[in-house]
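Hello,

Here is the structure I promised to pass on. Please open it and keep it beside you as you read my notes below.

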Amino acid sequence: MSALNRFEQFMESMVEDSVARLFRSPVQPAEIAKRLERAMESNQTISVRRVIVPHHYRVYLHPQDYRDFPAHLRLDLEREMATYLNDLALERKFTLLEHPKVLMSEDPAVPRRTIQVAIETADPHAGDANSSTQVLSATGQQHANARNGRTAALLIETTGGMHRMPLASTLLTIGRGLNNDIILEDTRVSRNHAQLRYKSRRFWINDLSTTNGTFINGERISEADLRHGDVISLGGLELTFEEG
C-alpha cells in the first residue's frame, strides 16, 4: 500500500470517529500533507550516493484556522503526517537523517486559509549543530512557475537512477552549503558555486568565482545562457539542463 493510500485510510477513520468538525475547516489535512510533500521535494541535498530530505517540519496556520483543529486531533495528525513523510521517503528512495517530526503552530502573520511550512535540514557532515530553515508558502511555488509559463529542471545521475530537480523560482543558488536553493553533497562543488537566474525569457547560470569552475558542454564560463540538453559541470559534477 502506498504512503498516500495509508494516509487516506487514516483520514477516513477520522471521519468514522465523528470528527466532522475538522473537515469544516478551510484548511484541510490533505492539503497540509500536500504542502509537506512539496517541502520535502523542494529541499533536497543531492549526491551520487543519496538524496537527503528534511526530517523536521513545522506547519504554521492563522490562529483561527489553527483552533479548528482540537488539541487531541492535532497530536494524531502530527504523528500521522510524520509517518506519511517517512513512508514517502522510503517510496522515493530518499534518505532521512532522523524519523520525521511534524509540529503544527499558530502564527498571526500567516493569512487565513494559508499554510506555511518551515523545514530544518541537518548538515550531513557537521551534525545537527548546523541547520537551516526555509519557509515554503502554500502558493509560492505555483506563483514562481507562473512567471515564465515554462518548466525547467536539472537532471543528475545517482545510484538510484536519473534524479530530476525542478527549477521553481526565477533566482536560485547552487552549492554544497545549506544556504543554497539546490544543495549538492559533493566535495567537488563549492559551498556557494553558481547562481541560476531567469532573464530575457531563458535561464542563465553564473559561476560564483569558484576554484574548480563551472563548465557548459565542456567550456568554462563565468556566465552563460542555458539551452535544453546543455551539460553543466560544477567542478566535475555533471547536471543536464532540461526545459520544455
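The second largest pocket has a lining of 13 residues. Val51, Arg92, Lys93, Thr158 and Gly160 are the ones that lie nearest its centre. Bear in mind that this is a predicted model. The space in this pocket comes to about 180 Å³. Which strand gives the most to the lining? Strand S9, residues 161-166, with 4 residues. By class, the lining of the second largest pocket holds 3 nonpolar, 5 polar and 5 charged residues.

Now to a pair of helices. Helix H2 covers residues 29-42, and helix H4 covers residues 71-91. Their axes come within 11 Å and cross at roughly 40°. The crossing is right-handed.

Which residues make the contact? From H2 come Pro29, Ile32, Ala33, Leu36, Glu37 and Met40. From H4 come Leu77, Met81, Tyr84, Leu85, Leu88 and Ala89. The contact of H2 with H4 counts 11 nonpolar residues, no polar ones and 1 charged.

Best wishes

Terms used. Residues numbered from 1 in each chain as written. Predicted model: local features only at pLDDT ≥ 70, side-chain atom pairs only at ≥ 80, totals over all residues. Heavy atoms only, no water. 1 Å grid on protein atoms, 1.4 Å probe; cavity = no way out; pocket = protein on both sides within 12 Å on 5 of 7 lines; lining within 4 Å. Points joined across faces, edges and corners; volume = space filled by probe spheres on them. Helix = DSSP H or I, 4+ residues; strand = E, 2+ residues; numbered from the N terminus. Nonpolar A, V, L, I, M, F, W, Y, C, P; charged D, E, K, R; others polar. Axes fitted to C-alpha atoms, helices over the stretch in contact; angles between N-to-C directions. Left-handed = near helix turned anticlockwise from the far one by under 90°. Contact = heavy atoms within 4.5 Å.
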